[in-house]
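Q: Hi! Could you walk me through this model in plain words?
A: Happy to, let's have a look together.

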Amino acid sequence: PTTMPRWSAVLAALTLLARYGGKQATPVILNVAANEPDIKLRTRAISALGSSDDESVVATLRNLALNSPDNDIVEAVLYAIGQNPSPRAITVLGEIATSAKSTNIRRVAISSISQRTGEPAVDQLLKQSGLLKQRGENVGILDVRIREFLAGLHLRFLTRQFGWEST
């Protein structure tokens with residue numbers, strides 16, 4: 001019999017745990033996301049956490065984003081948090097946008113917030129805009145994102161209000 005390389009076996013196990021393990025698998029996946037030396041396996045574990053819709057993973061993902069020196073890990077975490085529908089996820093994206101050292105990471109966090117709907121996302125975008133202005137940073141792209149976001153909300157409101165939704 002042929003043997004799979006270690007990473008293939010762990011990747012297969014992560015995939016199975018993510019699909020069928022439920023909440024009981026979360027600690028195992030969190031451990032891989034936080035401690036696995038192989039970047040591909042870590043990012044896969046992070047992706048699995050993002051797909052779980054489990055609010056309890058947001059705090060660990062936040063810590064990974066703020067403490068990892070590897071931008072690939074941080075970007076995977078931002079994507080995973082962006083997939084989580086909880087209000088806490090928007091707050092954490094805001095914290096990362098405020099405190100990340102890398103301007104690119106802050107932009108990714110803000111972009112992720114702008115993909116959300118609802119008042120918490122609007123509040124967070126407006127807060128980020130104010131913080132950037134206080135720091136004297138260029139807010140042009142953020143102001144554009146806010147306008148796009150608000151225009152999308154307005155269009156969705158009008159669509160529902162006047163029954164323009166396609167059925």
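**Helices side by side**

A: Let's start with α5 and α7, whose axes come within 10 Å and cross at roughly 15 degrees. Axes here are lines fitted to C-alpha atoms, for helices over the stretch in contact, and angles run from 0 to 180 degrees between N-to-C directions.

Q: Before we go on, what kind of model is this, and how are residues numbered?
A: This is a predicted model, where local features need pLDDT of at least 70 and side-chain atom pairs count only at pLDDT 80 or more, while totals for chains, interfaces and linings use all residues. Residues are numbered from 1 along each chain as its sequence is written, and side-chain values use heavy atoms, with hydrogens and water left out.

Q: Thanks! Back to α5 and α7: how are they oriented to each other?
A: They are roughly parallel to each other. Angles under 35 degrees count as roughly parallel, over 145 as roughly antiparallel, 65 to 115 as roughly perpendicular and the rest as oblique. The crossing of α5 and α7 is right-handed; a crossing gets that name if the near helix is turned clockwise from the far one by less than a right angle, and is left-handed if anticlockwise.

Q: Which residues meet there?
A: From α5 there are Asn71, Val74, Glu75, Leu78 and Gly82, and they meet Asn104, Ile105, Val108, Ala109 and Ser112 in α7. Contact means heavy atoms within 4.5 Å. By class, five residues of this contact are nonpolar, four polar and one charged. Ala, Val, Leu, Ile, Met, Phe, Trp, Tyr, Cys and Pro count as nonpolar, Asp, Glu, Lys and Arg as charged, and the others, Gly among them, as polar.

Q: Let's zoom out. How many helices and strands does the chain have?
A: The protein chain has nine helices and zero strands. Helices (H or I, at least four residues) and strands (E, at least two) are DSSP runs, numbered from the N terminus.

Q: And how much of the chain is buried?
A: Of its 167 residues, 38% count as buried. Also, among contacts with a separation of 6 or more, 57% come from residues 24 or more positions apart.

Q: What about α3 and α5, at what angle do they pack?
A: The angle is about 15 degrees, with the axes 8 Å apart. That makes α3 roughly parallel to α5, and α3 passes α5 in a right-handed crossing. The contact is made by Ile39, Arg42, Thr43, Ile46 and Gly50 of α3 and Asp72, Ile73, Ala76, Val77, Ala80 and Gln83 of α5. These residues divide into six nonpolar, three polar and two charged.

Q: How do α2 and α3 cross?
A: Their axes come within 7 Å and cross at roughly 140 degrees. α2 and α3 are therefore oblique to each other, and the crossing is left-handed. Thr26, Ile29, Leu30, Val32, Ala33 and Ala34 of α2 make the contact with Leu41, Arg42, Ala45, Ile46, Ala48 and Leu49 of α3. Here the classes are ten nonpolar, one polar and one charged.

Q: Which residues of α2 are buried?
A: Those are Thr26, Ile29, Leu30, Val32 and Ala33. They cover an arc of only 160 degrees around the axis, which puts them on the same side of α2. The arc is that of the directions from the helix axis to the C-beta atoms. On the other side of α2, Pro27 and Asn35 are exposed.

Q: And which ones are buried in α4?
A: Val58, Leu61, Leu64 and Ala65 are the buried residues of α4, the helix of residues 58-67. Their arc is only 120 degrees around the axis, which puts them on the same side of α4.

Q: What covers them?
A: The cover includes α2 (26-35), α3 (39-51), α5 (71-83) and α6 (87-99).

Q: Last one: where is Gly22?
A: Gly22 is in the loop between α1 (6-20) and α2. With a relative accessible area of 48%, Gly22 is partly exposed. Gly22 and Ser52 are 30 residues apart in sequence and 8.3 Å apart in space, C-alpha to C-alpha.

Key
Buried means under 20% relative accessible area, exposed over 50%, partly exposed in between (1.4 Å probe, protein chains only).
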